[in-house]
Amino acid sequence: MARTRRSTAALIATMLSIVGALAVISPASAGNAYIGVDGRESRCNNNSRSCLYYSTLSSAYWATTGGDSDLGNNYFASGTGSGAGQRVRNNAARMSCYYGVAQQCQSYFSPGYTGSMDWMFWGQTGQLYYTWNDEASMKVI
Amino acid sequence: MERRFSRRRAATSMAALAVLAATVTGCGADDAASTGGGAPAATPAAGGEVVLPIDAYALTTVDVGRLGHARTLLAGDCMRRFGFTFDAQAVEADLRDQVKDVGLHGNLRRYGVTDDAVATRYGYHLASTVEAPAAATGEARSDHGLGQLTAAKEAVLFGTTADGKALAQVGGQQVPRGGCLGEARTRIADAGQLGESAVVSRISAESFQRSLNDPAVTAAIGRWSACMKAQGHSYPSPLEVAATFDLENPTVAAKEVATARADVACKRQVDLVTVWTRFEETYQKSQIEKHAQELQRLKADRAEQLKRVSAVVTGG
């Protein structure tokens, strides 16, 4: 399937404007963006999980309860929508954080929970910023 | 049975966290609760913590935890008003883990592992993965006492029905705009955003990204790589090392510890952290000067939010 989102200037502009409005809390690191907006995605949250999504919240998702230090060997679940079967690493556009999570969900640029990071509180969803199509590990805390 | 959350217990726990943060960084409790004051020097502190100038304007890990804690408490108060169970106890334990994992300013892994004691004990693992593996994998995670997901609970929590329509009333009670999470957000930040604007994040990110192209930093990384190779570990950058180990397994392998200790020793030998932080400090100070007015306003907004957060957490 042709992937046009990487090169769509309008989408990037939209994303930057959204993040400009939403990126707030930043415990300093290589670069952290708070991307959370209150909300849920029921397919993922239904089983106490937090998810990364291939594109929109209705696209294919990869679900986790605690995260993974290397997303290179994980794939978007089959039969869950556009992008199913694709490798998760460097391929996710959005994240959702289950409302049973004690604190936050974090998406990191590098494996091993290092590098720039996008994060949200529980009960939120959001579009990745620093790690948009560039995420390598995810942590749920 | 509903677990009632104790504000007194929360206050005690948050005080303990302030002490923990002070222990980690050498800061006083007031500094730990809120990173005020002028731009501090880039100072490697105990356990590999690094403090950079922009950190004076950023929320600390403890600040973020307190903010999240207050949000959870307020949402819980609201949910109970509508007859649902809700607690926030898990937040406290997770915040302690978070400070240990990333440090008070979130910089603990900015340049990879930099402390020999940490390398010896954890290798490249997060401390929480080794010390509390069940929690780290989500197996022991709280559900905030909400129990089984139902449409009614979700509707009150988020203020919308399953099809996305705003929910006005439940059982004769008016549902807050944005649900209980919306009420929590408003009580902390009014109509504004939680915390501070993107400018702090942007300065921190740009500082780090530009440092990767600085000749002095890249030369120091080259010397670090040569030092590692001489000890039998071939890596182009300290940012690439962690990916080569299984960080999900709570057991830290001997090879990982040996690599991490060599990593720390080589960083010291070539003075990598000093060179790296020197670049970031210079860049950040110039940006802070450029955005001085905006950063001062953000600091004032942050102080007001944290004042409200303290009142919520301590039951004031």
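Modeller: Start with strand β10 (residues 137-140) of chain A. A:Ser137 and A:Lys139 point one way from β10(A), while A:Met138 and A:Val140 point the other way. All four are buried. A residue counts as buried if 20 or more other C-beta atoms lie within 10 Å of its own, as exposed if 12 or fewer do, and as partly exposed in between; the C-beta atoms are placed from the backbone. Strands (E, at least two residues) and helices (H or I, at least four) are DSSP runs, numbered from the N terminus.

This is a predicted model: local features need pLDDT of at least 70, side-chain atom pairs count only at pLDDT 80 or more, and totals for chains, interfaces and linings use all residues. Residues are numbered from 1 along each chain as its sequence is written, and chains are lettered from A and ligands numbered from 1 in the order in which they are written. Here pLDDT is the predictor's confidence in each residue, from 0 to 100. The model scores ipTM 0.74 and pTM 0.74.

Now the neighbours of β10(A). Two strands pair if DSSP finds at least two bridges between them. Strands of a sheet pair through backbone hydrogen bonds, either parallel or antiparallel. β7(A) and β10(A) run antiparallel, joined by four bridges. In this pairing A:Ser107 stands opposite A:Met138. β5(A) also pairs with β10(A) in the antiparallel sense, over two bridges. There, A:Gly67 stands opposite A:Lys139.

Step back to the sheet. Five strands of chain A form an open sheet, in the order β1-β8-β7-β10-β5, with mixed pairing. β1 (32-34) and β5 (67-68) of chain A stand at the edges. Each has a single partner strand, so one side of each is left without a neighbour in the sheet.

Strand β7 (residues 104-110) of chain A pairs with strand β8 (residues 114-121) of chain A in the antiparallel sense, over six bridges. A:Ser107 has A:Asp118 as its bridge partner in β8(A). So much for the pairing.

A:Leu52 and A:Tyr61 have the most contacts inside the largest nonpolar core, which has 79 residues. A nonpolar core is a set of buried Ala, Val, Leu, Ile, Met, Phe, Trp, Tyr and Cys residues joined through C-beta atoms within 7 Å. Helix α3 (residues 61-81) of chain B gives the most to this core, with eight residues. A second, separate core of 27 residues includes B:Tyr122, B:Ile221, B:Met228 and B:Trp276.

Finally, place the strand in its chain. Chain A has two helices and ten strands. Along the sequence they follow the pattern α-β-β-α-β-β-β-β-β-β-β-β. Of the 141 residues of chain A, 67% count as buried. Among its contacts between residues at least 6 apart in sequence, 60% join residues at least 24 apart.

One caution concerns the other chain. Chain B averages a pLDDT of 79, and 76% of its residues score at least 70. Over residues 1-46 of chain B, pLDDT stays under 50. Where pLDDT is low, the predicted coordinates should not be read in detail.

Notes: Contact = placed C-beta atoms within 7 Å.
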